[in-house]
Amino acid sequence: MSYNEQQGEFFSDSLVKEIKDKFYHVDIDPITNKKRLFYDNSGGAFRLKAASETFRKLDELPDCPEHGNETAKWLMDIQKEGYQSIETMLNIDSGSIVTSLTASMVMFDMVRAVMENVRGSNVVTTMLEHPSAYDAMVSYAEKTGKELRIAKTNPLTGGVDVEEITKLIDENTCLLCFMYASNVSGALLDEEKIVEQARKIKPDLYIVADAVQHAPHGIIDVTKVPVDGINFAPYKFFGPRGFGVGYVSERLSKIPHNKLIAKPSQYWQLGSPAPAHFAALTEVINYVCWIGEQYCSSDNRRSLFVEGMNRIKLHERALMNAMLEGTGKVKGLRHIEGVHAYLDCDDLTKKDFIMAIGFDNLEYKKAVEMYEEAGVITFERLLSSPYSSRMLESFGLKGAIRVSPIHCHSLQDIEEFLKITETLCSQSHS
């Protein structure tokens, strides 16, 4: 099936309507009851109704899934189905699943296990990393006495060039940690080439990857990109909060780690996981497969999931192209006087749908406030924030307004945002 890889391909209007109906609060703020455009999906994400409803139903049950009564066994089957859903999403058939309260906790666990048990005098990460990965690398490098090497960002692309990472790796490197996509610029790192080139330098190098930002926007394939560890956050992927998920390769799963003594050596779960979380995640995977079914017919769940994620990616890319270039009704960010799309990228295949923008005559925080008054929720990234300063400084930016729509939005939503943006520009000049 052919489609426009560079500029993406919109969902049909009827499919957009069906998609919006499957989520809570897409167009209306339930607290203020006002119409709004929620463009802060990098901070969270819309909640899939089926995921929330399934979670609530199962969470009400008192039964322990590891016990022997009938309902407990049913809950255990639900949990097993959740594991299979994670395997479908990541395309894994070995290794172990890791869960915790947050994806950040999963990352700290993976980094600690490698740093404390694998020989090597240095570790490598990038300046682009989220604090959950960057701080884990800093903390355990200090505790284990390993040199921390940090790859520079590319201030033109908003990403990190492969060569900047690989030039820091040598035979004494024990761990590489990098992220799939930036939650500031949306820039995609070339994960396949990074892993391939890094392992050419050191074949047994341990590699962990942060996929929290990328998971709702693109395909993850651990078979194709064989990292030793990866994490994602279901709450950014249309599911509930309070759940972080990861995968560790077979060799990483065998490294000493915190575990209950009675459990197998490769088991990474601590305590009893909640079946409700797994059931909700299964509903998310079901939803993506449902999108896939609109475009292809297959009995293979992974194939449907891949098609669904591909279509999500293409719709978001079409929305992103419209936001940058405009439509017949409104100018795009690249053409509105007084506003700038930072870290812009001509090749939209190298970017997830996150925009970092700024105004000539509006401070970032003030612009975010004005957007909210106009019915658009965005988020300011400032040098004063410990979650933003390292990345912004590396790009040579004093700040940015992060605009992060998602595939639930329509072309009309983008056009409304652009009209509001143009109005803000004119107000800032008056």
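Visitor: What kinds of residue line the largest pocket?
Guide: The lining of the largest pocket divides into 14 charged, 10 nonpolar and five polar residues. Charged means Asp, Glu, Lys and Arg; nonpolar means Ala, Val, Leu, Ile, Met, Phe, Trp, Tyr, Cys and Pro; the others, Gly among them, are polar. This is a predicted model, with residues numbered from 1 along each chain as its sequence is written. Local features need pLDDT of at least 70 and side-chain atom pairs 80 or more, while totals for chains, interfaces and linings use all residues; side-chain values use heavy atoms, without hydrogens and water.

Visitor: Why is Lys-17 called exposed?
Guide: Its relative accessible area is 55%. Exposed means over 50%, buried under 20%, and partly exposed in between (1.4 Å probe, protein chains only), so Lys-17 counts as exposed. Lys-17 belongs to helix α1, residues 13-21 (a helix is a DSSP run of H or I, at least four residues, numbered from the N terminus). The C-alpha atoms of Lys-17 and Ser-410 are 8.8 Å apart, although 393 residues separate the two along the chain.

Visitor: What makes α10 largely enclosed by the rest of the structure?
Guide: Of its 25 residues, 20 are buried, so α10 is largely enclosed.

Visitor: How do you know that the length of α10 is close to the expected one?
Guide: Helix α10, residues 301-325, reaches 36 Å from its first C-alpha to its last, close to the expected 36 Å. The expected span is 1.5 Å times one less than the number of residues.

Visitor: Which residue follows α10?
Guide: Gly-326 follows α10, and its phi is positive, near 85°.

Technical notes
Helices (H or I, at least four residues) and strands (E, at least two) are DSSP runs, numbered from the N terminus.
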